[in-house]
Amino acid sequence: SLKKGLNRFVWNMRHGIVPGVPDVYIEASFRGRKVGPGSYSASLNYNGQTLNTQALIKDNPSLKIPASDFAEFDSFMAKVEAKVTIMHQTINYLKQVAVSLEPTLAVLKAENTNPELVQEIESYLAEWKFWDEAMVQRRSQAYDDVENFENKFTAEYLFLMNHAGSSLPSINLATKNRKAELDAQWIVLNKTAQLFIKAAVPSLNEKLWNAGYGAIPKE
């Protein structure tokens, strides 16, 4: 509030949330990891002025957790959060591409003057849909929809992130092994996504420009 009086800013001692996928319901937390003990700076910028302060987070002396555990936890969680962020950004971009192609496809079909381009767009959209359905479950709208609509890949990765996240910085072997399994799956899924982004979309973009139908949004 801008009203006079007491105005508080409370930090939950977490990193920022990871992005989601619009209109996709996933029963999970998107919160960033808790920060470890250390000194932190906070800045408030308003109306050309900046106020700075320092905050010190201390470890719990009764737990006697070594600094190496906090460092390992932070590194592991940072990598998981970064992966989820890349996954969801990629999903959102390719969805944007598909949405932009659909009205153009309708126009091309109505004009019936460029059947090869129509076929290429339809082929791309079919391949994209297959990939997208492997990444996210778009039919879920509430917490119990998982009984009818199976969770997809990023929900599994979010579960890993939520399961690993804790006030106690401890990453067990099973969690590390699960991350390795999911990372191997992501290599395959991401390879397909990069073929879309670096080859299929630029090719379609060039052909649509040459045909006078405009461009596909850039990543």
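Where is the place of Phe 9 relative to strand E1 (38–46)? Phe 9 sits in the segment before this strand. Strands are DSSP runs of E with at least two residues, helices runs of H or I with at least four, and both are numbered from the N terminus. The model is predicted: local features need pLDDT of at least 70, side-chain atom pairs count only at pLDDT 80 or more, and totals for chains, interfaces and linings use all residues. Residues are numbered from 1 along each chain as its sequence is written, and side-chain values use heavy atoms, with hydrogens and water left out.

Phe 9 counts as exposed because its relative accessibility is 69%. Exposed means over 50% relative accessible area, buried under 20%, and partly exposed in between (1.4 Å probe, protein chains only). Together with Leu 44 and Leu 51, Phe 9 forms a nonpolar surface patch with about 350 Å² of accessible area. Patches are made of residues with over 30% relative accessible area and no salt bridge; like charges are joined within 9 Å, and nonpolar side chains (Val, Leu, Ile, Met, Phe, Trp, Tyr) within 5 Å. The areas come from the Shrake-Rupley method with a 1.4 Å probe, and for residues only the protein chains shown count as cover.

Gln 141 is also exposed, at a relative accessible area of 56%. Gln 141 is found in the loop between helix H2 (115–135) and helix H3 (153–164).

The structure holds eleven salt bridges, each defined as a side-chain nitrogen of Lys or Arg within 4 Å of a carboxyl oxygen of Asp or Glu. Among them is the contact of Lys 176 with Glu 72 (2.8 Å, N to O). Lys 176 lies in helix H4 (residues 173–210) and Glu 72 in helix H1, so the pair ties together parts 104 residues apart in sequence. Lys 176 is partly exposed at 34%, and Glu 72 is partly exposed at 36%.

Glu 122 and Lys 109 form another salt bridge, with their closest N and O atoms 2.8 Å apart. Glu 122 belongs to helix H2 and Lys 109 to helix H1, so this pair ties together parts 13 residues apart in sequence. Both residues are partly exposed, Glu 122 at 33% and Lys 109 at 47%.

Within helix H4, Asp 183 and Lys 179 are four residues apart, about one turn. Their salt bridge has a closest N to O distance of 2.7 Å. Both residues are buried. Elsewhere, salt bridges with shared partners join Arg 33, Asp 74 and Glu 81 into one network.

The largest pocket has a volume of about 300 Å³. Of its 18 lining residues, Lys 34, Val 35, Pro 37, Phe 70 and Ser 167 are the closest to the centre. Helix H1 (residues 67–111) gives the most to this lining, with three residues. By class, the pocket lining has ten nonpolar, four polar and four charged residues. Ala, Val, Leu, Ile, Met, Phe, Trp, Tyr, Cys and Pro count as nonpolar, Asp, Glu, Lys and Arg as charged, and the others, Gly among them, as polar.

One cavity of 30 Å³ or more is present. The largest cavity has a volume of about 40 Å³. Its lining includes Val 24, Tyr 25, Met 135 and Lys 152, and divides into six nonpolar, three polar and one charged residue. On a 1 Å grid over the protein atoms alone, a cavity is a set of points where a 1.4 Å probe fits but cannot get out; a pocket is an open set with protein on both sides within 12 Å along at least five of seven lines; lining residues have an atom within 4 Å of a point. Grid points are joined across faces, edges and corners, and a volume is the space filled by probe spheres set on the points.
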